[in-house]
Protein chains: 2
Amino acid sequence: MSVPRVFLVDDHQMFRAGVRSELGDAVEVVGEASDVESAVLGLRATDPEVVLLDVHLPGGGGRAVLETMKAERPALLFLALSVSDAAEDVIAVIRAGARGYVTKTISSDDLAAAITRVRDGDAVFSPRLAGFVLDAFSGDPPTEVTDPQLEQLTTREREVMRLIARGYTYKEIARRLTLSVKTVETHVSAVLRKLQLSSRHELTRWATDRRLI
Amino acid sequence: MSVPRVFLVDDHQMFRAGVRSELGDAVEVVGEASDVESAVLGLRATDPEVVLLDVHLPGGGGRAVLETMKAERPALLFLALSVSDAAEDVIAVIRAGARGYVTKTISSDDLAAAITRVRDGDAVFSPRLAGFVLDAFSGDPPTEVTDPQLEQLTTREREVMRLIARGYTYKEIARRLTLSVKTVETHVSAVLRKLQLSSRHELTRWATDRRLI
DNA sequence: CGGCCAATCGGGGATGTCCCTGATCCAGCC
DNA sequence: GGCTGGATCAGGGACATCCCCGATTGGCCG
């Protein structure tokens with residue numbers, strides 16, 4: 001069994017050095033990059049089996065790399081890597097086609113095992129994430145808080161509201177939730193009307209005041 | 001000149017490995033830890049000059065380590081290290097006694113230089129952070145910050161930038177400053193280009209982090 | 001004087017935002 | 001079966017945002 005050929009994408013030079021140093025024998029690092037553009041160029045020029053992909057990346061985030069490459073190289077396997085264990089980050093990157101998601105607290109042994117398993121076709125998740133990942137793909141959203149204002153909103157409207165408050169465009173939200181832009185517009189209108197607000201900027205402030213983001 | 005004796009505190013094993021691997025000759029790593037408790041124990045048992053301290057740490061955060069140790073070992077120098085460049089994080093850890101703050105996007109050369117400078121008594125900050133850190137501690141003089149990013153902006157651009165970050169539309173800003181909408185557009189474009197941002201939403205976040213609103 | 005730059009304004013165009021009307025599908029309820 | 005409400009989508013329009021191109025004025029400096 002040969003070691004997996006891996007491409008590293010992470011904007012932290014120190015972290016990339018750690019991966020090379022700790023996984024030296026367990027994987028073969030065929031290239032690395034620190035932003036979206038150089039990642040795409042590097043992936044085109046090399047032939048890795050697994051891409052270790054940081055989620056937070058200058059130039060568009062890890063999803064940008066994923067979406068660009070999966071069209072031209074569908075066989076490429078992505079293992080997402082992040083400091084964040086937020087459900088949205090996980091779900092978004094999995095929806096975009098990643099075959100696994102681990103946090104940066106992972107040990108070198110576990111990371112080597114995760115890379116190998118992804119190379120062999122498995123999906124891999126950090127233990128803490130496994131639960132709600134399955135939850136998100138086969139169940140209804142977890143319990144919501146009971147805020148009199150928030151209660152007026154349907155669950156779908158609440159999802160859209162959070163993304164709006166974070167500055168995502170309608171188009172981005174549509175892609176993220178697998179909806180049409182028009183449906184997003186409908187939900188946004190409903191949210192603004194129910195909360196008696198008049199723009200996404202006011203909504204951002206409203207959500208920030210309530211610590212919803 | 002001997003190399004600095006360094007103690008690493010970071011919950012990412014991979015990152016610690018990166019530091020050891022990249023800074024191998026420039027520093028002497030006398031110990032490391034991945035959480036608050038073992039950091040305190042390790043620091044008592046060793047004699048480092050500089051502690052490289054992650055801000056987000058299981059068991060109470062980097063501040064917990066700082067506050068525990070500065071009582072029993074006041075001469076210990078702390079260089080805070082974080083993925084975050086948010087003003088709150090920086091200010092809190094500096095208040096607690098850290099002598100510097102760098103983000104994890106730092107290169108190995110810069111990190112080695114930063115550690116040595118802290119060992120020699122300097123305070124070190126990532127370029128992007130230097131401005132508002134000084135601002136936050138230099139007290140009342142509302143002198144414009146010496147932020148390299150902010151300095152690129154002309155006075156008029158700064159006025160427009162503040163209003164944009166507060167959510168005013170171009171039309172409202174034009175009326176308020178007695179300008180044409182087109183002039184406002186010009187200024188906004190210049191601000192976004194100079195700060196390398198791509199939308200008013202990002203600008204809002206940028207300004208909020210820097211306490212400019 | 002000639003060059004540079006901050007500040008001001010315009011045309012035109014590509015998107016993004018927000019609202020209006022109207023439509024279909026499905027689930028629960030009386 | 002009829003009714004209601006949640007979720008989905010479409011067309012069209014008004015306006016906002018952001019970019020490209022351009023222009024003029026005034027001040028400062030070598």
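How do the residues of the surface near DNA strand C divide into nonpolar, polar and charged? In this predicted model, that surface comprises 4 nonpolar, 9 polar and 6 charged residues. DNA strand C is surrounded by 19 residues, and both protein chains are represented among the closest, which are A:Thr169, A:Arg200, B:Thr154, B:Leu179 and B:Thr183. Two or more residues are given to this surface by each of α9 (170-177) and α10 (181-194) in chain A, and likewise by α8 (155-165) and α10 (181-195) in chain B. The largest share comes from α10(A), which gives 4 residues.

Chain A contains 11 helices and 6 strands. Of its 213 residues, 36% are buried. Where contacts in chain A join residues at least 6 apart in sequence, 60% of them link residues at least 24 apart.

The strands of chain A form an open sheet of 6 strands with parallel pairing, in the order β2-β1-β3-β4-β5-β6. Its edges are β2 (28-33) and β6 (124-125), each of which pairs on one side only. Within the sheet, β4 (residues 77-82) and β5 (residues 100-103) of chain A run parallel and are joined by 3 bridges. A:Ser82 has A:Thr103, in β5(A), as its bridge partner.

Technical notes:
Residues are numbered from 1 along each chain as its sequence is written. Chains are lettered from A and ligands numbered from 1 in the order in which they are written. This is a predicted model: local features need pLDDT of at least 70, side-chain atom pairs count only at pLDDT 80 or more; totals for chains, interfaces and linings use all residues. A residue is buried if 20 or more other C-beta atoms lie within 10 Å of its own, exposed if 12 or fewer, and partly exposed in between; C-beta atoms are placed from the backbone. Two residues are in contact if their C-beta atoms, placed from the backbone, lie within 7 Å. A residue is near a molecule or strand if its C-beta atom, placed from the backbone, lies within 6 Å of it. Ala, Val, Leu, Ile, Met, Phe, Trp, Tyr, Cys and Pro count as nonpolar, Asp, Glu, Lys and Arg as charged, and the others, Gly among them, as polar. Two strands pair if DSSP finds at least two bridges between them.
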